[in-house]
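Biologist: Please take a close look at one part of this model and describe it in plain terms.

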Amino acid sequence: MSTFLQILIGGLLQGSVFAMIALGFSLVYRVTGIVNLSQGAFCVLGAMAMYLLQTVLDLPVPLALAGAALVTVGVVVLLGSFTLLPAISNLPPSSTLMLTAGLLIFFEGLVLVLWGSQPYAMPPFSGEAPVVVAGLRVPSQGLWVLGTCVVMTGVLWYLLQRTRTGRALRACAENGTAARLMGIDVPRMMLLSLAIAALIGAVTGVMIAPIASMQFDTASFYTTFGFIAVAIGGIGSFVGAVAGGLVLGVATQLAAGYLSEIFSTTLALVLLLAVLVLRPSGMFSVGRPQRTDVRVDQHAHRSLVRFDSAASVTLGLMLLALLASAPFLPLPPGMMESLSITLIVFIAVLGLDVLMGFAGQVSLGQSGFMAIGGYAAAILSATYGWSPIFSILAALLLSGICAMVLALVTMQLRGHYLALATLAFALLIDSLAIGLVDLTGGPSGFVGIPILEVGPLAFDTPQRMYYLVLAAVVLLVLLLAGGLRSGFGRALMSVRADQSASAALGMRVGHIKVTAMVLSALLGSLAGSLYAFQFQFLSPDMVSTMRSFQLIAMLVLGGEATLVGGLLGVAMLTLLPTLFQPLATYRLLAEGALLVLAFRFLPEGIYGRLVMLAGWMRPISSLPRPLATRETTETRV
Amino acid sequence: MTRTALEAINLSKHFGGVLALNDASFTVPEGSLCALIGPNGAGKSTIFNLITNFYPASSGEARLFGETLTGCPAARIAARGLVRTFQTARVFPGMTALQNVLAGARMHQHSSGLAQMLWLRGARREEQALSRRAEGLLDLVGLSAFRDAAATDLPMGAQKMLEVTRALMARPRVLLLDEPAAGLNDTETVELAALLRAVRGNGVTIMVVEHNMALVMNIADQIVVLDAGCVVADGTPVEIRGNPRVIEAYVGRDEEVASA
């Protein structure tokens, strides 16, 4: 019994941390309509600033706390006003969601550059000795955390419900346009909500730093669990945020206590998927979820920016000749492998382009399919001695089935929930890859993957592997180009543009979405398998959810819905780090910054910009003269 | 004797306590052009949305060539030959005008996605044939200059026309047009009238919600008048023109006019 109570207390403690992060999520969502994935980074920023002020500058706790909060809020407001705020009014919600993912990566990179990759721990506020109540031991810092959570919830409630500013904030949430018409400075309110969320995050980070070790990638952990909490509770609901946080904390602690530490994350994700499927808007839903499951984008010119067919054939052949002759060029050591990896990752990006670029379905789950493809191929070929080619095919089958189930289960999801459900899927696969140690080798990775052999051909040198991958890429691009320039591609784009209008023209929207998801998953799976054979090693890190964000960054940077554009993005984010090895620390920072900048300033991608620069196409906005220009005089009864 | 193409039988729709449509019944014979008119809020678009199952009817049913449409999913309705346009032109952003029109042919593209991916001869031939037809239609409605322009960059009138063209590409047996002339200027309206006549001439049944009375009186075979959710008149343009209840619906009752 006392064990149970002890676990329960641990769960409530953990839960109140999740609840506080969830509060930040909910507040920003209520006011801006954006799920801010960088919320978890606010905690880490706050904690790191606290460390600096408390341990290095030796300030007393209250002063250091105030300083850390100030620094975090300052940084967030500064960055937010240049990136997030303009994006909210200019970009579709799904792009803004990605932009916040970019901010998360950017913040992680920033912490990595400034504080390094080691974990930090701080002394508890009131000594190491735990408080003992009726035989139950509670760490003293835990009481600080619980207290902060209660006070924070109360203050936030008072602020929103009882003050003028709170009313203005709520008005922005209800109807931004109407609020603006009533004289409310909506952008200022949005910035204010972001500032409050940063404050919440910083205080949370400071409070938990003494009992949880903090390092640069803790940010994704807090974002993930805060988000799971908020999705369980219902995005936008403060009661839901707290309830969701507590439920999640207790459930994961119980699972860790009675089942296994390793599967507590898996359980949390299963819980989340169940809630998403059964109650798509969470336990305490607020209002109707906006219908943004596809990327409604009235200015979606991306897919129209094209080279004409003659130019694209010429350029394609030139690119192919360059790629085919690469092994004969004097390359720096390791470059051959990097080129193969570039092409392999490009296959996964191709899949993402089909799903996200053409069909407009935001997916954060591509890394999950890479993981399935990689691990299935590795396990079948190494552990069970299947021939590599059959293990790749079996992996494809498995991924296809998983994708179909995922697509059917998430069919009804609206808004950010679709993107978030795919994220949950990727995290679930990730947690299985870490947790199923006997099968996958766990966190330390899977070793001993054989050399890829197809019949008598062994791809045992970097050059041979490179040519194999190049041949696969050429074949896949040709196949996809054939489909996407025809009816299949138009069906995907129609669904992206307007689902109900597509259905009214006889398109089976559900069918099309499932097809896109499966096709995308197959490409992701193939990339994962090749990736495993390329390295002859696979670890969860290599196919973690960070990889999903990276794939999106590559796609957007290169150019969505362009098929080959992704290659430019992949090359940039894969080859540049190889060339500038000494700057490896800055990689994460650069990736985050590039993702944010690409969404903000280069929506048509490098590819689109190249096309525009080449000037080989008519600018789209220069239209022929309107049909008739006479004044309209309608006759009405 | 002509068949009945479209039939509404006691269609009603409540939105909460509001009765948007009350027991509406009418029939549209095959190959005719029926106009649905009435003041704002009379329930015209509601009828379209009920027929095409955009939302379920509270009671009553709609039939297409004698078979019920109740519970039939939107894509299936289109496959059965009933295609609609929307009150606000819903062209597909991110696609050119030609791609928009071609999207209408989705039901008639029989080659599989796999065949298209493999660049099979049959799939390419079919694609070419559809492209020719789409270009022909664009030419017919005078939009061929916009062929490769982004659909959303077209002027409003051209977008409405493009939506009609896209619907035609689907080869409908019955075409529902929601205010096709809204936003068109006089010339374009005349062109629209000619187009609708030509389409009807090919045996397509057309039902159109329209405010432009000159256009309606000019092209309709039959007019159904709605007021406050009820069908108040149903007849030929000549019959409707003189119908006191129609005048009442639009102008108001005598005493109201007097008191105002």
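How many residues of domain 1 of chain B are in contact with how many residues of domain 2 of chain B?

Modeller: This is a predicted model, in which local features need pLDDT of at least 70, side-chain atom pairs count only at pLDDT 80 or more, and totals for chains, interfaces and linings use all residues. Residues are numbered from 1 along each chain as its sequence is written, while chains are lettered from A and ligands numbered from 1 in the order in which they are written.

Chain B is divided into domain 1, covering 4-91 + 157-259, and domain 2, covering 93-153; these bounds come from an automatic or database domain assignment. Between the C-alpha centres of the two domains of chain B there are 28 Å. On the domain 1 side, 16 residues are in contact with 18 residues of domain 2 of chain B, where contact means that the C-beta atoms of two residues, placed from the backbone, lie within 7 Å.

Three helices of chain B, α2 (74-79), α6 (156-169) and α7 (186-201), each supply at least two residues of the side of domain 1 that touches domain 2. Helices here are DSSP runs (H or I, at least four residues), numbered from the N terminus. The largest share of that side, 9 residues, comes from α6(B).

By class, the side of domain 1 of chain B that touches domain 2 of chain B has 11 nonpolar, 2 polar and 3 charged residues. Ala, Val, Leu, Ile, Met, Phe, Trp, Tyr, Cys and Pro count as nonpolar, Asp, Glu, Lys and Arg as charged, and the others, Gly among them, as polar.
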